[in-house]
Amino acid sequence: MWQSFRNRLIASAGSIFPDARTALYGVWGYPIHHSLSPALHNQAFRFFGINALYLAFAVHPQDLERAVEGARALGFSGWNLTIPLKEAVLPYLDLITPSARRIGAVNTVVVKEGRLEGHNTDAPGFLMALRRHVRYPPRNLPAVIIGTGGVGRAVAFALAEEGIPLLFLINRTRERAERLWEELKADYPHLEGGVLPWREPLDDPEFSRIRLFVHCTSRGLHGSPPLSIVWERIPRDALFFDLVYQPGGTVLLKEAKRRKIRAISGEELLVAQGALAFELWTGKKWDLRRAMVWFRRGARRQGGGSGDGSR
Ligand SMILES: NC(=O)c1ccc[n+]([C@@H]2O[C@H](COP(=O)([O-])OP(=O)(O)OC[C@H]3O[C@@H](n4cnc5c(N)ncnc54)[C@H](OP(=O)(O)O)[C@@H]3O)[C@@H](O)[C@H]2O)c1
């Protein structure tokens, strides 16, 4: 009774009301100061009347082990991880879900009775965002993944699990794409496709068969030039999902839209993976449209927010 009154009081106060019982969450990365996740999650805690606080922590990879021990000792309830910590955190966790283990990356830690559980919400978050734009399940959606780093791996396993018929991988470092293709074929022997060569501007005759292009490299960020693509090769009825997010839209997103190719911004993944992390921590589901409003409000307050497309 008192608890519910207190929670409603916190919600109506319009601001987080930290006290001795406030649950602590956060996002760790390096750098992290542009992250929009605190704005997103704190608005969600407020909306649901949950006495919790979510902060951004700049954790250098060298300090990761000490940070994990610190979070354990301080009684954190959970946290997110972003570049460059998603793979590095694996050895410090007590349990890793089979899907996160297969992808090789954890972006969400849930603390349960003192044990640290590692989850990956990028993979289901990607599908959640995709579902808003395509007929489901995507069994007739041949896809290409450009960039097979951490998030490219998550997308590849997510799409293979959904039963897409044809998948191509392209990565600057070809061996990385080949390794992923072998892993995929071991689990999904009927999957067709393979590894295409990396050349710029990006082009391949196979592109004419593709209906979903997913951009998963960090090109265009940190001063690197945006990826160049032979847009004429991309079918008019294809969907272009740029996982990178930049205030106002990335160069690729704008170019796709200019050419009247349907395009999805990385902010949709950012919100969807956040929604799934929040649900793991609290059991509460976000309405994605409302969460997008939280996200945009956070971005405005922060003067544009994440310039590097990471959470
Ligand atoms: N919207 C979201 O919520 C969300 C979530 C996760 C990630 N992302 C974004 O997705 C991108 C990738 O993230 P990640 O976690 O997969 O990072 P990662 O594991 O570090 O992988 C980076 C990828 O980018 C490629 N790359 C880096 N520099 C390149 C260059 N100069 N030319 C060509 N390729 C280059 C890498 O290729 P090599 O293998 O050759 O190095 C690799 O495929 C980042 O921009 C990140 O911000 C967005």
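I count a residue as exposed when its relative accessible area is over 50%, and as buried when that area is under 20%. I am working from a predicted model.

**Entry 1: two loop residues with positive phi**

I started with lysine 260. Its relative accessible area is 67%, so lysine 260 is exposed. I placed lysine 260 in the loop between helix 8 and strand 12. Then I read its backbone. Phi of lysine 260 is near 65°, which is positive although the residue is not glycine.

I looked up glutamate 113 next. Here phi is near 50°, again a positive value in a residue other than glycine. Glutamate 113 sits in the loop between strand 5 (108-112) and strand 6. Is glutamate 113 buried or exposed? Its relative accessibility is 84%, so I logged glutamate 113 as exposed.

**Entry 2: cis peptide bonds**

I checked omega at two prolines. Tyrosine 30 and proline 31 are joined by a cis peptide bond, with omega about 0°. Proline 31 belongs to the loop between strand 1 (23-29) and helix 2.

The bond from isoleucine 83 to proline 84 is also cis. Omega there is near 5°. I found proline 84 in the loop between strand 3 (78-81) and strand 4 (95-96).

**Entry 3: the largest nonpolar core**

Nonpolar side chains tend to be buried together in soluble globular proteins. I went looking for where that happens in this model.

The largest nonpolar core holds 37 residues. Which of them touch the most other members? I noted Phe126, Leu130, Leu159, Leu167 and Leu184. Helix 6 gives the most, with eight residues.

I then took leucine 159 by itself. Setting aside residues up to four places away in sequence, leucine 159 touches Phe126, Leu127, Leu130, Ala143, Ile145, Ile164, Leu167 and Leu212. Another core, of 26 residues, lies apart from the largest one. Tyr25, Met292, Phe295 and Ala299 are among its members.

**Entry 4: two helix pairs**

I turned to helix 5 and helix 6. Their axes come within 8 Å and cross at roughly 65°. The crossing is right-handed. Which residues make the contact? From helix 5 I listed Asp122, Ala123, Phe126, Leu127 and Leu130. From helix 6 I listed Val151, Ala154, Val155, Ala158 and Leu159.

Helix 2 passes helix 9 in a right-handed crossing. On the helix 2 side I found Leu40, His41, Ala44, Phe45 and Phe48. They meet Leu270, Val271, Gly274, Phe278, Trp281 and Thr282 of helix 9.

Isoleucine 264 lies in strand 12 (residues 262-264). Its relative accessibility is 0%, so isoleucine 264 is buried. What does isoleucine 264 contact, leaving aside neighbours within four places in sequence? I listed Leu130, His133, Leu239, Phe240, Phe241, Asp242 and Leu253.

A polar contact of 2.5 Å joins the side chains of threonine 250 and aspartate 242. Threonine 250 sits in the loop between strand 11 and helix 8 (251-258). Its relative accessible area is 6%, so I marked threonine 250 as buried. Beyond four places in sequence, threonine 250 contacts Asp242, Val244 and Tyr245.

Last, I looked up histidine 119, in strand 6 (residues 115-119). Histidine 119 is buried because its relative accessible area is 13%. Its side chain makes a polar contact of 3.0 Å with the side chain of glutamate 117. Leaving aside neighbours within four places in sequence, I noted contacts of histidine 119 with Thr97, Ala100, Val106, Asn107, Thr108, Val110 and Leu280.

Key. Residues numbered from 1 in each chain as written. Predicted model: local features only at pLDDT ≥ 70, side-chain atom pairs only at ≥ 80, totals over all residues. Heavy atoms only, no water. Core = buried A, V, L, I, M, F, W, Y, C linked by side-chain atoms within 4.5 Å. Buried < 20%, exposed > 50% of the residue type's maximum accessible area, 1.4 Å probe, protein only. Helix = DSSP H or I, 4+ residues; strand = E, 2+ residues; numbered from the N terminus. Contact = heavy atoms within 4.5 Å. Polar contact = N/O pair within 3.5 Å; in protein donor to acceptor, adjacent residues only side chain to side chain. Left-handed = near helix turned anticlockwise from the far one by under 90°. Axes fitted to C-alpha atoms, helices over the stretch in contact; angles between N-to-C directions.
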